[in-house]
Amino acid sequence: MKSTLVIVAHPNLQNSTVNKRWAEEIEKRDHVTVRKLYQLYHDGKVNVEEEQRMLLQHDRIVLQFPFYWYSSPSLLKEWQDKVLAFGWAYGPGGDALHGKELVLAISTGGPDFSYQAGGYNNYTISELLRPFQATSNLIGTRYITPFVFHSAIRASEEAIEQSAKNYISYVLNPEI
């Protein structure tokens with residue numbers, strides 16, 4: 001079984017409905033390590049060596065976050081900038097993550113129909129996530145189709161519970 005590292009990047013996880021529920025559920029699973037960035041690095045100073053060590057120990061990397069301003073929360077961006085270093089994750093000698101899988105697990109506030117050509121956001125979620133796919137290509141990971149839960153703001157408890165089940169199933173056995 002593949003070992004999975006889940007990087008949870010939610011600046012207000014304790015008040016989250018969807019991302020908190022996902023994190024609670026994934027923490028119960030074997031062969032999974034969960035790292036909650038905003039709890040670990042509330043000062044914004046990422047421990048690069050520890051994060052790189054964790055990445056090396058796992059086969060699958062899940063970046064879990066709410067989709068903010070067509071991107072990730074700022075600490076995840078900082079984590080990427082520091083941890084995915086030149087000469088380690090990319091560039092000459094930068095092959096530490098080659099062959100690992102990268103899965104995005106994101107929640108959006110808007111409904112799915114707002115993420116399409118002609119919709120409120122004018123672009124598909126796939127188009128908006130293209131920088132993450134480009135990063136995956138650069139660092140040599142296999143980019144897996146993202147797991148996306150739309151309308152998180154208006155979701156019922158039943159829908160959130162179902163999303164947690166779907167999340168677990170998907171990130172532990174993603175569609176390649």
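This is a predicted model: local features need pLDDT of at least 70, side-chain atom pairs count only at pLDDT 80 or more; totals for chains, interfaces and linings use all residues.

Student: Which residues line the largest cavity?

Tutor: Its lining is made up of L55, I61, L63, W79, Q80, L84, L97, L102, F132, T135 and I139, and by class these divide into 9 nonpolar, 2 polar and no charged residues.

Student: Switching to pockets, what volume does the largest pocket have?

Tutor: The largest pocket has a volume of about 380 Å³, and of the 18 residues that line it, P66, Y68, T108, G109 and I153 are the closest to its centre.

Student: How does that lining divide by class?

Tutor: The lining of the largest pocket has 9 nonpolar and 9 polar residues, and no charged ones.

Student: What about the second largest pocket, how much space lies in it?

Tutor: About 230 Å³ of space lies in the second largest pocket, which is lined by 14 residues, with K77, Q80, D81, P131 and T135 lying nearest its centre. The elements giving two or more residues to this lining are α4 and α6, and α6 provides the largest share, 5 residues.

Student: How many charged residues are in the lining of that second pocket?

Tutor: There are 2 charged residues in the lining of the second largest pocket, alongside 8 nonpolar and 4 polar ones.

Student: Changing topic, which residues does UniProt list for the fold domain?

Tutor: UniProt, in an unreviewed entry, lists residues 3-169 for "domain: Flavodoxin-like fold". Over residues 3-169 the chain in this model is 35% helix and 19% strand, and the end C-alpha atoms are 14 Å apart.

Student: Last one, on packing: at what angle do the axes of α1 and α7 cross?

Tutor: The axes of helix α1 (residues 18-26) and helix α7 (residues 157-172) cross at roughly 50° and come within 9 Å.

Student: Why are they called oblique rather than roughly parallel or roughly perpendicular?

Tutor: Angles under 35 degrees count as roughly parallel and those from 65 to 115 as roughly perpendicular, so α1 and α7, crossing at roughly 50°, are oblique to each other. The crossing of α1 and α7 is right-handed.

Note on methods: Residues are numbered from 1 along each chain as its sequence is written. Side-chain values use heavy atoms; hydrogens and water are left out. On a 1 Å grid over the protein atoms alone, a cavity is a set of points where a 1.4 Å probe fits but cannot get out, and a pocket is an open set with protein on both sides within 12 Å along at least five of seven lines; lining residues have an atom within 4 Å of a point. Ala, Val, Leu, Ile, Met, Phe, Trp, Tyr, Cys and Pro count as nonpolar, Asp, Glu, Lys and Arg as charged, and the others, Gly among them, as polar. Grid points are joined across faces, edges and corners, and a volume is the space filled by probe spheres set on the points. Helices (H or I, at least four residues) and strands (E, at least two) are DSSP runs, numbered from the N terminus. UniProt positions are given in the numbering used here, feature names are shortened, and annotations may be inferred rather than shown by experiment. Axes are lines fitted to C-alpha atoms, for helices over the stretch in contact, and angles run from 0 to 180 degrees between N-to-C directions. Angles under 35 degrees count as roughly parallel, over 145 as roughly antiparallel, 65 to 115 as roughly perpendicular and the rest as oblique. A crossing is left-handed if the near helix is turned anticlockwise from the far one by less than a right angle, and right-handed if clockwise.
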